[in-house]
Amino acid sequence: MARKILLLCVSFLGVFSNNLVKPLKIMPQISKLNLPENSKVPLTCSLISGLHVNFEWMQNGIKLSNNSDFSIENFLTYSMLTIKKLKQEHTGAFECKVTNSLGEFDTSITQINVQGKNLNLKSISVCGAIIAI
């Protein structure tokens with residue numbers, strides 16, 4: 001009986017070890033968005049492969065954190081940055097950088113251009129994300 005339990009543990013550890021050696025990769029993001037001012041904009045960064053990662057969001061190379069303009073939620077396999085109310089100052093490159101304990105990283109960048117308030121849109125669907133106005 002003890003032999004079977006030991007084999008199950010070794011088998012489980014083998015599966016776990018195989019997942020650790022998969023290269024870190026995130027799903028590519030939309031490269032450019034033209035959006036109306038005052039929109040609520042969710043951006044997601046999703047893992048394709050990799051474990052035990054750290055997500056980091058930046059705008060034009062400056063690290064973002066939760067504040068009155070942005071909300072960041074991190075989960076096991078994805079991270080979501082929400083721009084609460086799009087302003088002209090949010091025009092720029094939004095980058096998601098994912099790193100793991102082995103020093104591997106992958107990035108995805110979305111360029112956002114903020115349009116004036118004159119667009120007569122109720123919502124825009126972008127790759128499964130609903131951007132409400």
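The following conversation goes through a predicted protein model, from its overall make-up to single residues.

Trainee: What should I know about the model before using it?
Mentor: This is a predicted model, in which local features need pLDDT of at least 70, side-chain atom pairs count only at pLDDT 80 or more, and totals for chains, interfaces and linings use all residues. Residues are numbered from 1 along each chain as its sequence is written, and side-chain values use heavy atoms, with hydrogens and water left out.

Trainee: How many helices and strands are there in the protein?
Mentor: The protein has one helix and eleven strands. Helices (H or I, at least four residues) and strands (E, at least two) are DSSP runs, numbered from the N terminus. Read from the N terminus, the order is α-β-β-β-β-β-β-β-β-β-β-β.

Trainee: And what share of the residues counts as buried?
Mentor: Of the 133 residues, 33% count as buried. Buried means under 20% relative accessible area, exposed over 50%, and partly exposed in between (1.4 Å probe, protein chains only). The accessible surface of the protein is about 8600 Å², and 58% of it belongs to carbon and sulfur atoms. Such areas come from the Shrake-Rupley method with a 1.4 Å probe; for residues, only the protein chains shown count as cover.

Trainee: What percentage of the contacts join residues at least 24 apart?
Mentor: Among contacts between residues at least 6 apart in sequence, 61% join residues at least 24 apart. A contact means heavy atoms within 4.5 Å.

Trainee: Moving to the sheets, what is the order of the four-stranded one?
Mentor: That open sheet runs β1-β3-β7-β6, with antiparallel pairing. β1 (25–26) and β6 (70–74) stand at the edges, each with a single partner strand, so one side of each has no neighbour in the sheet. Two strands pair if DSSP finds at least two bridges between them.

Trainee: How many bridges link β6 and β7?
Mentor: β6 and β7 (residues 78–83) pair in the antiparallel sense over five bridges. Phe70 stands opposite Ile83 in β7. A hairpin of three residues joins β6 to β7.

Trainee: Which strands make up the sheet of five?
Mentor: The five strands form an open sheet in the order β2-β9-β8-β4-β5, and the pairing is mixed. Its edge strands are β2 and β5, each of which pairs on one side only. Within it, β8 (residues 92–100) and β9 (residues 105–115) pair in the antiparallel sense over eight bridges. The bridge partner of Val98 in β9 is Asp106.

Trainee: New topic: how many aromatic pairs does the structure hold?
Mentor: The structure holds two aromatic pairs. Phe75 and Tyr78 have ring centres 4.7 Å apart and planes at 25°, so this pair is stacked. Rings of Phe, Tyr and Trp (its six-membered ring) pair if their centres lie within 6.5 Å; planes under 30 degrees apart count as stacked, over 60 as edge-to-face and the rest as tilted.

Trainee: Which ring does the charged end of Lys97 sit over?
Mentor: The charged end of Lys97 sits over the ring of Phe105, 5.0 Å from its centre. The criterion is NZ of Lys or CZ of Arg within 6 Å of the ring centre and within 35 degrees of the ring normal.

Trainee: Where is Asp69, and what does its side chain contact?
Mentor: Asp69 lies in the loop between β5 (62–63) and β6, and counts as buried at 16% relative accessibility. The side chain of Asp69 makes a polar contact with that of Lys87 (3.0 Å). A polar contact is a pair of N or O atoms within 3.5 Å; within protein, one must be able to donate a hydrogen and the other to accept it, and residues adjacent in sequence count only if both atoms are side-chain atoms. Leaving out residues up to four places away in sequence, Asp69 touches Thr82, Ile83, Lys84, Lys87, Glu89 and His90.

Trainee: Last one: what is the phi of Asn38 and of His52?
Mentor: Phi of Asn38 is near 75°, a positive value in a residue other than glycine. Asn38 lies in the loop between β2 (32–36) and β3 (41–49) and is partly exposed at 30%. Phi of His52 is near 50°, also positive in a residue other than glycine. His52 lies in the loop between β3 and β4 (53–59) and counts as exposed at 56% relative accessibility.
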